[in-house]
Structures are given as structure tokens and as C-alpha cells.
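Please review the structure shown below together with its sequence. The briefing that follows is grouped by topic.

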Amino acid sequence: QFTPKQISDPRKTSQVLLSLSQPSRAAVDAIRQKAAAAGGRVDVGGTHNEDFMYGGDFEDPDGHGWGVVWMDLAAFEAMQKAQPAA
């Protein structure tokens, strides 16, 4: 009775995608390891490893999608400055 709308099954449809920012690559890996230990499914979409960004994802035991990401803002800004203006 909380809502008159049909509740979707998160294993079959996307409801929301939640993302957590972390202070380091190690922190990203630690959260994903904790998710796996708690019964989540890790690396549903794979690991993303860019020069300035590192992240991955997991589904919690209920099937909700989570992203975890670390970004080196100084490296990102340097990359932006090195690109010619459009």
C-alpha cells in the first residue's frame, strides 16, 4: 500500500543506478569485495580503468545496481587542458 504502482523486479529491469565516489582505487576494491562477501554480484558491467578514473559495479543481494568510482581530478584537469579547444 506504499504505492499504487507496480514494483519492478530489479533483476529484470533497472529501477535506479546508484554511484558511490571513493577516495582511492583501494577503497573502490574494498567496497566491491564487501559487496561480494555480503552476497552481491560483482563486476556485472566490468571494471573501468582509465588514466584518471577507476571503478566498477555490483548488484546488491536484492539485485539493485551500484557503481563505485574513484577519480583523480588533477589528472582529469591536466588532460582537459592538454586538449585543443573545439
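How many positive and negative side chains does the chain have, and how far apart do the centres of the two sets lie? There are 8 positive and 11 negative side chains, with the centres of the two sets 5 Å apart. Lys and Arg count as positive and Asp and Glu as negative, while His and the chain ends are not counted; each charge is placed at NZ of Lys, CZ of Arg, CG of Asp or CD of Glu.

This is a predicted model, in which local features need pLDDT of at least 70, side-chain atom pairs count only at pLDDT 80 or more, and totals for chains, interfaces and linings use all residues. Residues are numbered from 1 along each chain as its sequence is written, and side-chain values use heavy atoms, without hydrogens and water.

**Fold and dimensions**
- Two helices and five strands are present, in the sequence order β-α-β-β-β-β-α; helices (H or I, at least four residues) and strands (E, at least two) are DSSP runs numbered from the N terminus.
- The C-alpha trace spans about 55 × 35 × 20 Å along its principal axes.

**Burial and contacts**
- Of the 86 residues, 23% are buried, meaning under 20% relative accessible area with a 1.4 Å probe, protein chains only.
- Among contacts (heavy atoms within 4.5 Å) with a separation of 6 or more, 43% join residues 24 or more positions apart.

**Glu-59**
- Glu-59 belongs to strand S4 (residues 53-59) and counts as buried because its relative accessibility is 18%.
- Beyond its neighbours within four places in sequence, Glu-59 contacts Gly-40, Arg-41, Val-44 and His-64.

Conventions
Buried < 20%, exposed > 50% of the residue type's maximum accessible area, 1.4 Å probe, protein only.
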